[in-house]
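Colleague: I would like a close look at one kind of contact in this model. Please take the charged side chains and walk me through them.

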Amino acid sequence: MSTSQRIALDPHQHQAATAPIGASSNVLAGAGTGKTRVLVERYLTFVERDGVPLDRVLALTFTLKAAGEMRERVRRELARRAPRLAQTFPSAWIMNFHQFGYRFIKENAPALGIDPGIDVVSPAEFERVQSLLRARFESGRIVGVPADFGGEPPIPTKLGRLFDLLLDVVHHCRGNMIDVAKLRARVRDDDHAPYRAHVDTVVALAAEYEAELRRRNLLDFSDMIAIPARALLDGGPIAERYRGMFAHILVDEFQDTSRAQNEMLRALAGGEFERVTVVGDVKQSIYRWRDARVENILEFPAPRTRLTRNYRSARSILDLAHALVAATPELAEFAAPLEAHRDVPSYAVLLFHPRETTSDYAQEARAVAAWVEHLLGRAQAPAEWGLEAPAKPLDPGDVCVLLRRMKLWSYTRRTLEEEFAARGIPYAIVGGANRAEARALDMWHAMMSLLVPGDRAIALLAVLENEPFRVSDASLHELLSKREGAINAWDLLAEERVARVSDSRDAGAMRDLRALLIEIEAASARLDFRVFMVWAFDRSSLRMHLVDEGVSNEAIDELLRDLLELADLLVRRGGGTLAVFLEHLRAALDEGKFREDGDVRLPRDRVVIMTVHQAKGLEFPAVAVPGVEPFRPPSEGFLVSRNSGVYFSKDRAEKWRREMTRAENYAEEEAMKALEERCILYVAMTRAKDYLWVSSPVADGTIIQKRAANKTSLFTDLLECARRDGLATELREAPAPVTMPAASVARSRAKPDALDDAVAQWAQARAAIDNATAAAAGARLESVTWSGLASFARCPLQFAFDRAGVGESEDAAPRRDAETTAALPKGIEAADFGAFVHAALEALAARPSASIDDVLQSILARFDFGKKGAEALRAARARIEPVVTSHPFTTATRAEVPFAVRVGSVMVQGVIDRLDETDDGAVVIDYKVGERADEHAFQARVYTWAVGRARGQSKATGRLAYLREGATTLVEVASAQTSVEIERLVRAIDAAVHDGNFVPTPGEVCAACPHRSVCEHAV
């Protein structure tokens, strides 16, 4: 292969990319020096020059985004340079650390003693686990937690804060492979009782958290690194097999790896990191708060190769960024000047700070906005700045504003948004919503919350205080007066209460809201969740609120696509319900973002506002870095030392003689935090290609403290560097304020019936993603449940209609089997009672030693039985006691067990009520509180097949447990033909989906088919 066909490399890049395969390399790649280019060419060198198969080169990255970028670039180069090799590309190991760990665990699960069906905890599940543990902690139900905390019991109102602190210690230890149980061994004889109690609590919380994850058959992100690392370090058969598996390992962003990731890499490669290339930059180490250790790259035992030619930024930007880090002794060794490769005009770097000594965020925001307008060619900069107009105005998307933090209450963010809105500058919060969008989403969240069970009176109040259902205060008083107990929103909207409202227009608005909610609820029952979310955005008042807030149609389209992709993500993770979606949306609004830092998508034609961490790896023609002021990263309140145990902050533990200031590595950690702040500013500055703005809201970047000397910031250091070497233009004057225009009246309050352009564009984007995924994985996954299998068995065309959501009626909505109404106390809804019994059985499986009465009482509050609570308790106990007596729960019993079994392109998913592990294999039990039905046996057979197939067990039996008052009827599910029957059915679905051929089988099935009105084959 000729050199001309290869990636063009400079001499330093070529040296790094072509080093011998047997050599280890430590490539120090400065900002913009083409590290990904080097990694890709080094990967291809192994494959082409050394003839190494693709499955013997491992490439590890820090983020999913970086892994996807590298994978695509390697694939593209292989297709261009070596088409035959490109055919084996699906076998390539290019992934981030967590993907590798998860694959390792799945492939070695039996040998590791782990269930092969184990899955990764989703954000929603993670929050639920922590909420569950918090509730147990606050109620004193975690074994091992001292009741009086060594004689210093915390104030009840602060129990939640203490729980958060101590669970953070647990997560930190897990992330750093510190055995939490050994913390107790580090306690000294002279340690005070409260300190010992806190350590004991950490140990107890760790055990409880671990048990809860295992009970749910879940892994968290720490597990995906720690489990493989320990398995590789123990020297067993697995370690031996993996140690020789890869001819070379490439690691990107090595400065961001943790201790556990470093240990895993060491074990994979050998004690001295043989045949490993790491690429990173000490000056861009900005993830210590996520357990990253820059020491990994400093201590890496290999010759260093430096990449110093920058292909991104203008000379003036590089000079100032270099001066910032070169002045720090810890970074000076790694702060070699970067050579600017691009031959472009060197525009002035601007440093702004007001003349006043007090904080003036508004003045800083006006200055930033004026600079942005100047670059966009919309207005001239203040004359005193002396700036020439750009030769070619920039587009809004060329400008990026980088913030240290994204919290909604941040003064810098708030004043910037207000100033941009006043000037009409189009902008977007990357991964989240700006203030106008957030207000509209708050209203939509309140309305959709009314569909989720619970006391939603506050949400109803918010809806009725805003358009389009706004009512007067007098009408609200009439509706809410004499509100008995915790009456819910649906009760408040009942006709007998609405009839109290004397204003006929307001009463009509309430009836309209009730009708809309009924319509939305019916749609949620019959539509696939993703289709329902499209429908809900279109049918509800969300677009109207966005228009009222002055949001452009283009911005609305982007926001809806973000929300729809969030819904799609939840479905793919098994959490596709409205309640879970609203949990995520609420958290996103509170945090100011919808997406993870590594999964950002840049908006079109709007100025970008994002965090420095989100911008890692990106570049923009113009970058503004406002709000540079003395900033102290939030303290974790603890420090864990491998040698001496856990320390707590001074205000908590000074009298215990165990405060952090006495820890042997406390000073080092504090110094590293300060160093990281400098690195964060360096990363922000080096995102700029041509124009750079850095500003502080206070004069000289100095805060005047009331009780201390002046406190300087990084901006102060930056000013000194710029003044000393003439590296920037200093600005002190901000333009005058502009008047905020009056809010425009919405052009239309119509609710369109058809899908709008935003949904169409999202659908196209989703299809493109699915096609790309299918091309890489070989086929698109079709997710089905047991009811989908039953539908296909009845008639493949009925399955196709169900799948497409065509012609469905409310009768087609899936319903959980429930007790017949006649067998229940009058006034208790059958579906609610069935859910109550299932929840009680799940709780008993988790706590086999608990009494039935205690469990029933503990979960009763979740269900709205009203005055019938006593009858519900009695009826539930009468059904639960027989099954618990005849089939007691053991430590080998698990409840509500999710499964996902793939056959071809079909993924069969579901949740098993109860799974018992016995010496003869697994026993699947499905509880029923209603009358027998033929479909029950089919459901149990599907679940039994899934367990047997997922675990490779030939013996997996199924039972139906019909719960009656005073007795339990067990029905064995015939399983002789189960495996063959279900397997054949799933493969038939796979073929039908692949070919698009769903052959109808008209007949008796047509009589009960919900699609007969639109099916031409119906008889």
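Is Glu72 buried, partly exposed or exposed, and what is its relative accessible area?

Modeller: Bear in mind that this is a predicted model. Glu72 is partly exposed, at a relative accessible area of 32%. Its salt-bridge partner is Arg76, with 3.6 Å from N to O. Arg76 is partly exposed too, at 44%. Both residues sit in helix 3, which spans residues 64–81. They are 4 residues apart, so about one helical turn separates them.

Lys616 and Asp256 form a salt bridge at 3.2 Å, N to O. Lys616 lies in the loop between helix 28 (612–615) and strand 15 (620–625). Asp256 lies in the loop between strand 6 (248–251) and helix 12 (259–269). The pair therefore ties together parts that are 360 residues apart in sequence. Both Lys616 and Asp256 are buried, meaning under 20% relative accessible area.

Next comes Arg304, whose side chain meets that of Glu333 in a salt bridge of 3.1 Å, N to O. Arg304 belongs to strand 8 (residues 304–307). Glu333 is in the loop between helix 15 (329–332) and strand 10 (339–340). This bridge links parts 29 residues apart in sequence. Arg304 is partly exposed, with a relative accessible area of 34%.

Some bridges share partners. Lys35, Asp252, Glu253, Asp256 and Lys616 are joined that way into one network. Across the whole structure, the search finds 61 salt bridges.

Methods. Residues are numbered from 1 along each chain as its sequence is written. This is a predicted model: local features need pLDDT of at least 70, side-chain atom pairs count only at pLDDT 80 or more; totals for chains, interfaces and linings use all residues. Side-chain values use heavy atoms; hydrogens and water are left out. A salt bridge is a side-chain nitrogen of Lys or Arg within 4 Å of a carboxyl oxygen of Asp or Glu. Helices (H or I, at least four residues) and strands (E, at least two) are DSSP runs, numbered from the N terminus. Buried means under 20% relative accessible area, exposed over 50%, partly exposed in between (1.4 Å probe, protein chains only).
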